[in-house]
Amino acid sequence: MNILSELHLDALSEVFNVGAGRAAASLSEIVGDEVRLSVPSVEIRKSSEIDLSVMGLRGERFGAVHQTFTGSFEAEAILLFTEEHALEIVRDMMGSQISLEELAEFEQEAMCELGNIILNACLSAMADMLSIPMNCSLPDYSVASTDEILRRVNNDDVNQSYLLLLHIDLAIEKRRSEGHLIFLLSSTSLKDLIIQIERFLGEI
């Protein structure tokens, strides 16, 4: 099966940028300040090709929000921010007056909410624009090392043989955070996604 063409990737970038716009609007309401969220690049890789340089991971420990999506398009989604950036985002979401000691208490709840907003906004844009009905699990949050993340995405499960990688810029006020959104896909799900993208392109 052919990997996505540049035209397919451009279409997905458009879809995810719509989702990012929706997520930014929701996050702006929560933090009470303008939030800018963009998806500057989208790429598809075989899981066997994945290493730190491909994923663009800079840091040793990451806050990871995980959700599973099912329906005509099935995927595992993992949203990653460095642990430092994750705590900064939590502070912005909870109010800048919160102390560093208190941050840890709210980290899991706030990051699950952040992940839920971003993941659901992106997937709802995909569902709307590509006509793909989907359901999602509740998000869960953990702090993981780069080695743990690589093991998770480099699994030997033949049903998850592709990764759809999105690099995210998140700006709140003057603070900027770089995140990564990873979708683990089976070859069947990727094939179904390509069919829906081509249908979407044919209707433009």
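The protein holds six helices and seven strands, where helices (H or I, at least four residues) and strands (E, at least two) are DSSP runs, numbered from the N terminus. From the N terminus on, these elements follow the order α-β-α-β-β-α-α-β-β-α-β-β-α. The model is a predicted one, in which local features need pLDDT of at least 70 and side-chain atom pairs count only at pLDDT 80 or more, while totals for chains, interfaces and linings use all residues. Residues are numbered from 1 along each chain as its sequence is written, and side-chain values use heavy atoms, with hydrogens and water left out.

For the chain as a whole, 51% of the 204 residues count as buried. Here buried stands for under 20% relative accessible area, exposed for over 50%, and partly exposed for the range in between (1.4 Å probe, protein chains only). The exposed surface comes to about 9,800 Å², with carbon and sulfur atoms supplying 47% of it; the areas come from the Shrake-Rupley method with a 1.4 Å probe, and for residues only the protein chains shown count as cover. Among contacts (heavy atoms within 4.5 Å) between residues at least 6 apart in sequence, 75% join residues at least 24 apart.

Strand S7 is a handy place to look at the pairing of strands. This strand spans residues 175-185, and eight of its 11 residues are buried. Two strands are taken to pair if DSSP finds at least two bridges between them. Strand S6 (residues 162-172) is joined to S7 by 11 bridges, and the two run antiparallel. Strand S3 (residues 75-82) also pairs with S7 in the antiparallel sense, over six bridges. Leucine 181 of S7 is the bridge partner of leucine 166 and is likewise the bridge partner of leucine 79.

Turning to the cysteines, cysteine 122 counts as buried because its relative accessibility is 2%. Cysteine 112 counts as buried too, at 13% relative accessibility. With a disulfide taken as a pair of cysteine sulfur atoms within 2.5 Å, the count comes to zero.

One loop residue also deserves a glance. Serine 131 lies in the loop between helix H4 (100-130) and strand S4 (134-136). Its phi is near 55 degrees, a positive value in a residue other than glycine. Most residues other than glycine have a negative phi. Serine 131 counts as exposed because its relative accessible area is 51%.
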